[in-house]
Amino acid sequence: MMVAAGVFTACSTTQKEQKNDDFNYVVENFADVQMLRYKVPGFENLSTSQKALIYHLTEAAAAGRDILYDQNCKWNLPVRRTLEAVYENYKGDKNSQEYKNFEEYLKLVWFNNGIHHYNSTDKLQPKFSEAFFAEQVSALDPAAVPAKAGQSVTEFIAEISPVIFNPSVLPVRANQKDGEDLVATSANNYYEGVTQAEAEAFYNKMKDPKDNTPVSYGLNSKLAKVDGQIVEQVWKVGGLYSPAIEKVVAHLDSALAYTENPQQKAVIETLIKYYNTGDLKDFDEYAILWVKDLDSKVDFVNGFTENYGDPLGMKASWESVVNFKNEEATKRTELISANAQWFENHSPVDNRFKKEEVKGVSAKVITLAMLGGDTYPTTPIGINLPNSNWIRRDHGSKSVTIENITEAYDAASQGSGFGEEFIWSDKERDLIKNYGFIADNLHTDLHECLGHGSGKLLPGTDPDALKAYGSPLEEMRADLYALYFMADPKTTELGLLPTADAYQAEYYKYLMNGLMTQLTRIQPGKTIEQAHMRCRAAISQWVLEKGKEDQVVELVQRDGKTFVVVNDYEKMRGLIGQLLAEIQRIKSEGDYEAGKNMIENYGVKVNPELHKEILDRYAKLNLAPWRGFVNPTYTAIYDANGNITDVTVSFNEGYAEQMLRYSKEYNSLPSYN
Ligand code: ZN
């Protein structure tokens, strides 16, 4: 699971202040996107062997990029390759509006890893014409056109044009509309030729309610109907995506020579084994070894991990994150972990749903070195894995806060005018200026290290009982846990927050985001789809409604503008605790109806008038609601025997430059898989 960054908060200063900082955080802006870059502080202090390990892991992270494109939609690779070929061979006027619109679309396809928006999952609508596209593709060397075998360029254009231009073809990547066939109507490539009922029946048959340690059914395969039979096509060496997975495995294999200790070596070896067998039992073995590897400085995620892209929450998208521990900042999360049992015991949920013994909540602050697959270029700011419920129960989970990313967001947001426009008064602005950054990081720490790992299912509860509502409800649980405990005197007692009112910075920002400013990411007329956004909306709307009588929180008009006003932070905390207890009950009992009502009533709908107002106010600020990151470039220096003697890192690659380089160097899959 992961924590995604909120909308531009733009009003806190980092603890270290930005002075003397001439690092160029902003790479470029296009459409409604801003591309940033992040620093990798401390890389130069790593040992040569650690740098070499990171180098090979970054290569493995890049090598799987094409897998995600194909998972998101089976047309993504041919579309991307066609657009790139046009982009690189274009001979016409680059200042023409048509070309600029074309270029913008290509940049959006890269940003979203395909033709659908990464967050809303709606299809992107190009602003250049179909005629321009046809003309440009026809002018290409036919060898550069990713047509199917035996297909002419003309036939290829006829087949692919509706995929790009017709809004009713493949309109949504992961449809979550209650009552529709979520599988058949989703454009993702996780299922082919099967209905939701067939997919559910297929997996229900596999599940044994008495199995206390079930594998994550369906995690690493496509479910397809072949000759009338429903079969799993497993993503592994020798299976689907084999050419890409073989490359990933080769880089992991090279990394083995530089591992820091036997535990880390076993982690990588077991991952390689799993990539070879595709056996989900091997995946669990790997996940357990990974969660126990706590001594290594360098760490990574590499594989089929998060299931946000599957409306049934079973199939996992490929991603990678390479990182190393930030020792100084980790003291903070270690303190939280050391007190995990105290937090669990004092949580406001029913005792039946509490963990008697919180196991191995390990948390650290990391410095990100590389993003790949589904974390690139839009990255989470916190990650908690593994996702398997029983592994979390029996072995704990590993949780990270990615501080060099929050730092980059914060630095790039200075002076944007956002806080002046949306925050009620100087009182809240000062709170956020003084404590916003530290409170944000603590929220992420608590969400990841404690929130996701807290609580337990009642015996016999199906972990998938909440179906499509499982993801937003799980995010609610983790956010509520974090919000509830941030305000506890324990956090100041432990020195996690400097003052008793510092948590109010997070409370205010959270509500402002959930009730208003995250709407800047929603198109007019649309509802809220993404799990983290549904979570924030549901918590905020619920608190607003339940606190109405006591005027705990209000939406107040001033000069025709709406603001969030929090009148009573303590009562707000009480409501947070109540909601946490209810969400935990829903999860522990697998109460689908209550979970569905919670999300549908509070987390999905948008007030159209308020929405319009927020969009108008936001537009005047000229800010990008979506932000992503260009990776640093790592270069290995070898001696005559082929050993790595050093790895250098540079931060000067452009956005299109990096995307085109990745498409060439990590061109690991055929266009049709
Ligand atoms: Zn989360």
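User: Why is Phe 283 called buried?

Analyst: This is a predicted model, so everything here is computed from it. Buried means a relative accessible area under 20%. Phe 283 has 14%, so the label buried applies. You'll find Phe 283 in helix H10, residues 280-292.

User: What does Phe 283 touch?

Analyst: Leaving out residues up to four places away in sequence, Phe 283 touches Leu 219, Tyr 274 and Phe 304. A touch here is heavy atoms within 4.5 Å. As for Met 533, its C-alpha is 30 Å from that of Phe 283, and the two are 250 residues apart in sequence.

User: What makes a residue a donor of the zinc ion, and which residues are donors?

Analyst: A donor is an N, O or S atom within 2.8 Å of this metal. Along the chain, their spacing reads H-x4-H-x22-E. His 447 belongs to helix H16 (residues 426-451) and Glu 475 to helix H17 (residues 470-486), so this pair, 28 residues apart, links distant parts of the chain.

User: Are His 447 and Glu 475 buried or exposed?

Analyst: Buried, going by the cut-off of under 20%. His 447 has 1% relative accessibility, and Glu 475 has 0%.

User: How do you know that strands S12 and S13 pair?

Analyst: Two strands pair if there are at least two bridges between them. S12 (residues 553-558) and S13 (residues 561-566) have six, so they count as paired, and they run antiparallel. For example, Val 553 has Val 566 in S13 as its bridge partner. Two residues sit between the strands of this hairpin, and Asp 559 takes a positive phi near 50 degrees.

User: Why are S2 and S14 said to stand at the edges?

Analyst: They belong to an open sheet of three strands in the order S2-S3-S14, with mixed pairing. Strand S2 (26-30) and strand S14 (626-630) each have a single partner strand, so one side of each has no neighbour in the sheet. Neighbouring strands of this sheet are turned by 20 degrees against each other on average, ignoring direction.

User: What joins S3 to S14, and what packs on the sheet?

Analyst: Five bridges join strand S3 (residues 33-37) to S14, and the two run parallel. In one of these pairings, Gln 34 has Arg 627 in S14 as its bridge partner. Helix H4 (residues 97-112) packs on the sheet, touching S2, S3 and S14, with its direction at about 120 degrees to that of S2. Helix H24 (residues 655-665) also touches S2, S3 and S14, and its direction makes about 90 degrees with that of S2.

Methods: Residues are numbered from 1 along each chain as its sequence is written. This is a predicted model: local features need pLDDT of at least 70, side-chain atom pairs count only at pLDDT 80 or more; totals for chains, interfaces and linings use all residues. Side-chain values use heavy atoms; hydrogens and water are left out. Donors are N, O and S atoms within 2.8 Å of the metal (3.2 Å for Na, K and Ca); water is not among the atoms, so sites may look incomplete. Helices (H or I, at least four residues) and strands (E, at least two) are DSSP runs, numbered from the N terminus. Buried means under 20% relative accessible area, exposed over 50%, partly exposed in between (1.4 Å probe, protein chains only). Axes are lines fitted to C-alpha atoms, for helices over the stretch in contact, and angles run from 0 to 180 degrees between N-to-C directions.
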